[in-house]
Amino acid sequence: MRYYSTRNRNNPVDFATAALGGLAPDGGLYIPGTIPEFPAAVRASLGSMDYREVALETIRPYVAGELPQAVLEELIQGAYPFNAPLIAVGDRLMLELFHGPTAAFKDFGARFMARAFSWLRRGEDKPLHILVATSGDTGGAVAGGFFGVPGIVVTVLYPRGRVSPLQERQIAGLGGNISALAVEGSFDDCQALVKAAFADVELRRRLVLSSANSINVARLIPQAVYYAAAAGKAARGRLDPDGEATPRPGNETLPRPGSGEGRGTGAITFCVPSGNFGNLTAGLYAMSMGAPIQGFIAATNVNRTVPDYLESGDYQARPSQATISNAMDVGAPSNFERMAAHWSWDELRRNIRGVSVSDDETRETIAEVHRQYGYFLDPHGAVGWRALDKAAVHGPVAVLGTAHPAKFAGTVEPLTGPVPVPPALAGAMEREPVAKTIPADIAALKENL
Ligand SMILES: *Cc1c(COP(=O)(O)O)cnc(C)c1O
């Protein structure tokens, strides 16, 4: 597969270059030259395959000729010891994407990217040094994704005292090949330090530096997998059991989930809580590949740049506003450039409806869904749930649960009472965070790399 920059169709590169490079030299984002289609036999059996089999079929054409089949299979087995269950909640479906080690959907992209980097760099004598600045959530997913992966060391910079205790443990509690630096400053200071490090000639001579940010195409492609798998199941009316890891209390007086009957079968609509729009772009890839998907709802909080664009055709990036669904506080979504490179406004508008949801509506929804169904939504999933209330959709429809509600207990518990904590998060809370504090200063950062 050839990859191109969104800003220049003349310089194709291979998957390895696109993945390890992250951003194209001209500042654009890498996109695949064509979006491959599932063979008919694969499309027909998406609903009966195991998650890892769907992953193999989905990712294979994007890495063909570079990752041998056996390598890709092993990589997928290592990346995904967990599933993406599609369960019933009332008369709609939830696609739960929070059963990985950091309890958020970013595990799907980060874990594949980490293992792909490691294999692509095999045989190199210097380790690949990943530098990442985080305001909280991304750092945990990247640290967790790369933890214990051979040939790679990671340094995460986070603003000291400005991340939650859980986030700090997910970033600084792993040890091994993951180091944490608590910067005396803001997230912007952390980002400026990372930029300064990449521009530092002496440092670049000494270390092989790379980033792992969310625009990396190696994070995007594996996110198409859960759409294909869930669309396949929905087309056959097959649901996963409402398992133990699903955030419900064991209250037998509450209505139990249905069998999925009555929701109909056929092409599914996905409602995607969106910020940088990587997740939704991956959904569009799955749809273009031929997964039985009817369309998408792009659910945003008040940062409604994309819903406004879908309405008017006029794209206006703007400063972000803080909300309780803070992983979606993005006013200039970086993946918009990728969507616009693949599809026209008309094509996007035909397949996506944009809906924006306020913080008050989000809180109401968390309380109401818990009262009615005993199901805990996190603030991001709740934005998705409420967006669906505002959009009339026919046929099966699923909201993407992008994070486990226990990650946002401070917002959720006042509305619902105690949220059950999944084992992955309980384990993380028991770790001791070990971070070195540094001033927001490039000399201090260089001393610590
Ligand atoms: C990152 C994130 C989102 C937004 O995903 P995008 O791909 O940036 O649109 C939504 N919910 C949660 C919990 C996230 O961490």
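1. Strand E7, residues 152-159, is mostly covered, with 7 of its 8 residues buried (buried means under 20% relative accessible area, exposed over 50%, partly exposed in between, with a 1.4 Å probe and protein chains only). Helices (H or I, at least four residues) and strands (E, at least two) are DSSP runs, numbered from the N terminus.

2. Before going on, some ground rules: this is a predicted model, where local features need pLDDT of at least 70 and side-chain atom pairs count only at pLDDT 80 or more, while totals for chains, interfaces and linings use all residues. Residues are numbered from 1 along each chain as its sequence is written, and side-chain values use heavy atoms, with hydrogens and water left out.

3. On one side of the pairing list for E7 is strand E6 (residues 128-133), which runs parallel to E7 and is joined to it by 6 bridges. Two strands pair if DSSP finds at least two bridges between them. Ile130 is the residue that stands opposite Val154 in E7. To get from E6 to E7 the chain goes through helix H6 (residues 137-146), and this β-α-β crossover is right-handed. Right-handed here means that, with the strands pointing away from the viewer, the path from the first strand over the helix to the second runs clockwise.

4. E7 also pairs with strand E8 (residues 178-184), again in the parallel sense and over 6 bridges. Here Val156 stands opposite Ala180 in E8. The link from E7 to E8 passes through helix H7 (residues 165-172), and that β-α-β crossover is right-handed too.

5. Now the ligand. There are 15 residues around it, and Lys106, Gly275, Asn276, Phe277 and Thr402 come nearest (a residue is near a molecule or strand if one of its heavy atoms lies within 4 Å of it). By class, that shell has 6 nonpolar, 7 polar and 2 charged residues. For the classes, Ala, Val, Leu, Ile, Met, Phe, Trp, Tyr, Cys and Pro count as nonpolar, Asp, Glu, Lys and Arg as charged, and the others, Gly among them, as polar.

6. Which atoms sit at what distance? The side chain of Lys106 has an N or O atom 2.5 Å from an oxygen atom of the ligand. A polar backbone atom of Asn276 is 2.8 Å from an oxygen atom of the ligand. Thr402 has a polar side-chain atom 2.8 Å from a nitrogen atom of the ligand. The protein covers 95% of the 390 Å² of accessible area that the ligand has on its own (Shrake-Rupley method, 1.4 Å probe; for residues, only the protein chains shown count as cover).

7. Two backbone angles are worth a look. Most residues other than glycine have a negative phi. Phe277, one of the residues that come nearest the ligand, has a positive phi, near 70°. Phe277 sits in the loop between strand E10 (268-273) and helix H12 (278-289) and is buried at 3% relative accessible area. Ala103 has a positive phi as well, near 60°; it is in the loop between strand E5 (92-96) and helix H5 (106-120), buried at 1%.

8. Last, Thr246 is in the loop between helix H11 (224-235) and E10. Thr246 is buried, at 5% relative accessible area, and its side chain makes a polar contact with the side chain of Glu96 at 2.8 Å. A polar contact is a pair of N or O atoms within 3.5 Å; within protein, one must be able to donate a hydrogen and the other to accept it, and residues adjacent in sequence count only if both atoms are side-chain atoms.
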